[in-house]
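Please read the numbered points below with the model in view.

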Amino acid sequence: MSQVHEQYVEVAPGVRVWTERRGAPDAPALLLVMGAQASALGWPEPLVEALAAHHQVIRYDHRDTGRSDRPFDENPYPVTDLARDAVAVLDGLGVERAHIVGMSLGGMLCQLVLADRPERVLSATLLGTCALSETPYVRPDGVGVPVAELPGIAPEILEMWSRPVEDHGPEAELDRRVEHWRLLSGDQLPFYAAYFRELEQGVIDHAGGYLESSAHARADSSGMVRTAELAANRVPVLVVSATAEPVFPVPHPQHIAQVVAGARLVEIPGMGHSLPPAVHGPLEKAIVEHTGGAVPESGAR
């Protein structure tokens, strides 16, 4: 196992986030950006370790998750601040430019970084997310589809999200989280409850408690559209198309590839909105091949 370095970074006045680095310090940096309400440990250990064979891998706890500060209830912040945090993590660790990988909300945050701070990005990989663009999706037959008419989140997931999370103790919370992962994983790969139970036990142990914050769901999500900036992108971008994705299903990945200039697609069969062992190998291969060939144009914004 590679050597792990933990460090707190101040991302805003009085707000510190927990970070972890592993892999060769002189290897190209790769920043992993997780989704809403998810700490760094949402990135599974085997995948992080595999990526660290090629990169200095950085993962971090968003504000209001894991071991990071939890300022939202006293000082609410917009979702766009979470994208600024990603850049602040690079600043705090002395990293000038990094490959960035974002899942779900993390994929949106990576698009914000691409649009607003492209000079900090060597490449981007986006998975389980949607485009921050108002440009319609163009179907293979040439018909345009407005963004608002693209397929939405699976009803059973929306129903689960609509229920208030009640405190019935740590075992019941683990049960709830495993059921959540069952729904998020889709229906094309076998679901191994024990794997996700162990993953979530690690998340809870890392945080020091089992109660999740709802800060990211309550944060102001306005001001995130970057239609023109993404259309002018000059950073290499890879979009993962997961065939069993229930949150941002096909054709959302195809839409991203259309509206982010120069983006290309890779399909991972059976993948849903989760990272079970079956997708670690294909995902590692896709990311490493992408980052290995990522050479931004000189003078990229």
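1. Glutamine 111 is buried, its relative accessible area being 0%; buried means under 20% relative accessible area, exposed over 50%, and partly exposed in between, with a 1.4 Å probe and protein chains only. Glutamine 111 belongs to helix H3; helices (H or I, at least four residues) are DSSP runs, numbered from the N terminus.

2. As to the basis of these values, this is a predicted model, in which local features need pLDDT of at least 70 and side-chain atom pairs count only at pLDDT 80 or more, while totals for chains, interfaces and linings use all residues. Residues are numbered from 1 along each chain as its sequence is written, and side-chain values use heavy atoms, with hydrogens and water left out.

3. Leaving aside residues up to four places away in sequence, glutamine 111 touches Leu126, Thr129, Cys130, Ala131, Leu132 and Leu230, where contact means heavy atoms within 4.5 Å. Between the C-alpha atoms of glutamine 111 and alanine 172 the separation is 35 Å, with the two residues 61 residues apart along the chain.

4. Helix H2 (residues 80–92) and helix H3 (residues 105–116) have axes that come within 9 Å and cross at roughly 70 degrees. H2 is therefore roughly perpendicular to H3. Here axes are lines fitted to C-alpha atoms, for helices over the stretch in contact, and angles run from 0 to 180 degrees between N-to-C directions; angles under 35 degrees count as roughly parallel, over 145 as roughly antiparallel, 65 to 115 as roughly perpendicular and the rest as oblique. H2 contributes Thr80, Leu82, Ala83, Ala86 and Val87 to the contact, and H3 contributes Leu105, Leu109, Leu112 and Val113.

5. Four aromatic pairs are found in a search of the whole structure; rings of Phe, Tyr and Trp (its six-membered ring) pair if their centres lie within 6.5 Å, and planes under 30 degrees apart count as stacked, over 60 as edge-to-face and the rest as tilted. Tryptophan 181 and phenylalanine 196 are stacked, because their ring centres are 5.3 Å apart and their planes at 25 degrees. This pair links distant parts of the chain, with tryptophan 181 in helix H5 (residues 170–184) and phenylalanine 196 in helix H6 (residues 193–207).

6. Phenylalanine 191 and phenylalanine 196 are also stacked, with centres 5.2 Å apart and planes at 10 degrees. Phenylalanine 196 is buried at 2% relative accessibility, and phenylalanine 191 is partly exposed at 28%. One aromatic cluster is formed by Trp181, Phe191, Tyr195 and Phe196.

Notes. Helix = DSSP H or I, 4+ residues; strand = E, 2+ residues; numbered from the N terminus.
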